[in-house]
Amino acid sequence: MTLPASPRRSPAKGRKRAPGRPLADAPDQRAVALDAALACFVRQGIAATSLRDIAREAGVTPALLHYYFGDRRQLLDAVVAERVMPAFLSVRERLAQAGDDVADIVAAFVCGVTDAIARHPWWPQLWVREVLCEGGALRDLLVQRIAPDIARLLAGRFAAAQAAGRLNADLDPRLLLPTLVGLTMFPAAGAPIWRQVFDADDLGLDDVRGHALALLDRGLELKP
């Protein structure tokens, strides 16, 4: 007598996986989690955001976040490395290519920042909350890893131009970087306020860029 063949289990039903581990055909949930973490950080601050908050924002379980990142600190490190740093580095690369001409340097910074904001709309709000505010979680990142390199590069080029008589002698080259930040990041971060105050929904990043360049070209008294 021939015995009937044993029923074959489908691969999906027979496959075992660790708790929280995504299936092979799942969407890129790691990227979704990073974007969700960033949204939470901008909205409520890094210190006030828990893994459960991020999981809820991403529509996943906390176990999935542990699978991808291990813990909250490693998730924050991933957000910094894969979302925050590329925004800063894009501006740094633009400045490195600008040469020594002050007008080109100013244009590289203004256009670099506004282009980065266009690609990363969350950047100005995160900057204000986590860099400028006392106790911000990203202040050390700026002070130790980002600002010194950019500040030295700009201050050196501005000082050289000033010594050559190509830049307003009354300016302090060390204060030009915060001035440039103030003319780009702050208008973008405060856009919801000034658009409402001035009924200026028509103003966008192109207007911020043009305004900053016009103001700086005249205020710096740039000379060929």
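In helix 3 (residues 51-58), the buried residues include Leu51, Asp53, Ile54, Ala55 and Ala58, where buried denotes a relative accessible area under 20%, exposed over 50% and partly exposed the range in between (1.4 Å probe, protein chains only). Helices are DSSP runs of H or I with at least four residues, numbered from the N terminus. The cover over the buried residues of helix 3 includes helix 2, helix 4 and helix 5, contact being defined as heavy atoms within 4.5 Å. Glycine 59 follows helix 3 and has a positive phi, near 75°.

The model is predicted, and local features require pLDDT of at least 70, side-chain atom pairs count only at pLDDT 80 or more, and totals for chains, interfaces and linings use all residues. Residues are numbered from 1 along each chain as its sequence is written, and side-chain values use heavy atoms, with hydrogens and water left out.

Helix 2 (residues 29-44) and helix 4 (residues 62-69) have axes that come within 11 Å and cross at roughly 105°. Helix 2 is therefore roughly perpendicular to helix 4, a class that spans 65 to 115 degrees, with angles under 35 counted as roughly parallel, over 145 as roughly antiparallel and the rest as oblique. The axes are lines fitted to C-alpha atoms, for helices over the stretch in contact, and angles run from 0 to 180 degrees between N-to-C directions. Gln29, Arg30, Ala33 and Leu34 of helix 2 meet Leu64, Leu65, Tyr68 and Phe69 of helix 4. By class, this contact comprises six nonpolar residues, one polar and one charged. Tyrosine 67 also belongs to helix 4 and is partly exposed, at 38% relative accessible area. Between tyrosine 67 and arginine 30 there are 37 residues of sequence separation and a C-alpha to C-alpha distance of 9.6 Å.

The largest nonpolar core has 65 residues, and those with the most contacts inside it are Leu65, Leu95, Val106, Phe109, Trp123, Leu154 and Phe158. Helix 5 (residues 72-96) makes the greatest contribution to this core, with 11 residues. Such a core is a set of buried Ala, Val, Leu, Ile, Met, Phe, Trp, Tyr and Cys residues joined through side-chain atoms within 4.5 Å. With residues up to four places away in sequence excluded, leucine 95 touches Ile105, Ala108, Phe109, Ile150, Leu153, Leu154 and Arg157.

Zero disulfides were found in a search of the whole structure, a disulfide being a pair of cysteine sulfur atoms within 2.5 Å. Cysteine 40 is buried, with 1% relative accessible area, whereas cysteine 133 is partly exposed at 37%.

Terms used
Helices (H or I, at least four residues) and strands (E, at least two) are DSSP runs, numbered from the N terminus. Ala, Val, Leu, Ile, Met, Phe, Trp, Tyr, Cys and Pro count as nonpolar, Asp, Glu, Lys and Arg as charged, and the others, Gly among them, as polar.
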